[in-house]
Amino acid sequence: MIVIHSEEHRLQAGRSELNDGQLVPCYEKPARADIVRARIEAVGLGPIVEPTRHGIAPLERVHDAGYLGFLQTAWDDWVAEHGADIDALPLNWVAPGMSRRRVPRSIDGRLGFYSFDAGTPITAGTWRAATSAADSALTGADRLRAGDRSAFALCRPPGHHAGHAFYGGYCFLNNAAIAAQSLRDGGAARVAVLDVDYHHGNGTQEIFWERGDVLFVSIHADPADEFPYFCGHADETGAGVGDGANLNLTLPWGTDWNAYAQALAVAAARIREFGADALVLSLGADTYGGDPISRFRLVSEDFLRMGAAIAGIGLPTLFVLEGGYAVDDLGVNVANVLTGFEQ
Ligand code: SP5
Ligand code: ZN
């Protein structure tokens, strides 16, 4: 399968994130994409091509124009206030009952206004890296439209936590949602997004919440115990014409392949029943037992089985890289999903 990848991912290289009460080195780092690329080359999975630039219009189909404007200038605004030696992190947020009527003028205020965590630093290269990732996903969508059975957007920063007008969870632009919308705009009547990242894809859920034409299915750790904590519960099923087009399958800490495979079978059945024309697969490998911030117990061979199960859905499939922080094993685990799909 064709692999779409830009070196510009490297421009997102934050120093630190807030975790367990301390600033620690960012888990979401350039080495992640490098090891995936190396493994793809080693197993000869397919040609690696550069994304084509798609500009801002397909981003505006999914994200708020004010939010995109904020993201474009946030680093310069931060530097004007704090200098270029520190990454931009938000400091405070609105709680229910506090007014959210005005976008603050202050960069610190706007960082809080448009984010939901302190784990997602904005740096000098954030906008360019994030747009390169969106362009990779969009180029993959173009390939499906041209008739390819599959494609892999080997991109970072990831996207599935980013919503219509917010960033967080290492994500700025929702690459998978942007690609799904592009497939719709290109003529697919119905699109399914399946999210196998360990964390709930809260951004994708929010973007398609009231949409009956895009099914969102996510398999993830129970948000009662796990990030992003505030959504991803099984009773969140969508609203309006989208009621019933959102399916959250929650699993407990310690989940192994046996239980995971059952959830994946439920997800596959729902996607088949929906009658989608294409599938966008949010591919996080942080379900791996060795992941430093996650608590499922998949082993590397399980990712081959995961790929085979995804192939069994029988749809043209665009894989989009999301999380996975056990860097040494990330290349094998991600490539295993793709080779499992192809076999
Ligand atoms: C794309 C993606 O996978 N984003 C995940 C963002 C998760 N950030 C919060 C991680 C919190 C980890 N806390 C537990 C650390 C164990 N000491
Ligand atoms: Zn994740």
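Predicted model: local features only at pLDDT ≥ 70, side-chain atom pairs only at ≥ 80, totals over all residues.
**Ligand site, zinc site and cis peptides**

Q: How far is a polar side-chain atom of Asp 20 from a nitrogen atom of ligand 1?

A: Asp 20 is listed with Asn 19, Gly 169, Asp 286 and Tyr 325 as the closest of the 13 residues that surround ligand 1. A polar backbone atom of Gly 169 lies 3.0 Å from a nitrogen atom of the ligand, while an N or O atom in the side chain of Tyr 325 lies 2.6 Å from one of its oxygen atoms. For the polar side-chain atom of Asp 20 and a nitrogen atom of ligand 1, the distance is 2.6 Å.

Q: What percentage of the area that ligand 1 exposes when taken alone does the protein bury?

A: Ligand 1 sits in the largest pocket, and the shell around it has 4 nonpolar, 6 polar and 3 charged residues. With an oxygen atom of the ligand 2.6 Å from an N or O atom in the side chain of Tyr 325, the area can be considered next. Taken alone, the ligand exposes 500 Å², and the share of this that the protein buries is 81%.

Q: How many residues apart are Asp 197 and Asp 286?

A: The protein donors of the zinc ion (ligand 2) come from Asp 197, His 199 and Asp 286, and they lie 1.9 to 2.7 Å from the ion. In sequence these donor residues follow the spacing D-x1-H-x86-D. Asp 197 is in the loop between strand 6 (191-195) and helix 7 (202-207), and Asp 286 is in the loop between strand 9 (278-283) and helix 9 (300-311), so that the pair links distant parts of the chain, with a separation in residues of 89.

Q: Which residue does a cis peptide bond join to Phe 227?

A: One cis peptide bond joins Arg 156 and Pro 157, with omega about 0°, and Pro 157 is found in the loop between strand 5 (150-153) and helix 6 (175-185). Another cis peptide bond has an omega of about 10° and joins Phe 227 to a residue in the loop between strand 7 (214-221) and strand 8 (246-251), namely Pro 228.

Note on methods. Residues numbered from 1 in each chain as written. Chains lettered and ligands numbered in written order. Heavy atoms only, no water. Near = heavy atom within 4 Å. Polar contact = N/O pair within 3.5 Å; in protein donor to acceptor, adjacent residues only side chain to side chain. Areas by Shrake-Rupley, 256 points an atom, 1.4 Å probe, with all protein chains shown as cover. 1 Å grid on protein atoms, 1.4 Å probe; cavity = no way out; pocket = protein on both sides within 12 Å on 5 of 7 lines; lining within 4 Å. Sits in = over half its atoms within 2 Å of the grid points. Nonpolar A, V, L, I, M, F, W, Y, C, P; charged D, E, K, R; others polar. Donors = N, O, S within 2.8 Å, 3.2 Å for Na, K, Ca; no water. Helix = DSSP H or I, 4+ residues; strand = E, 2+ residues; numbered from the N terminus.
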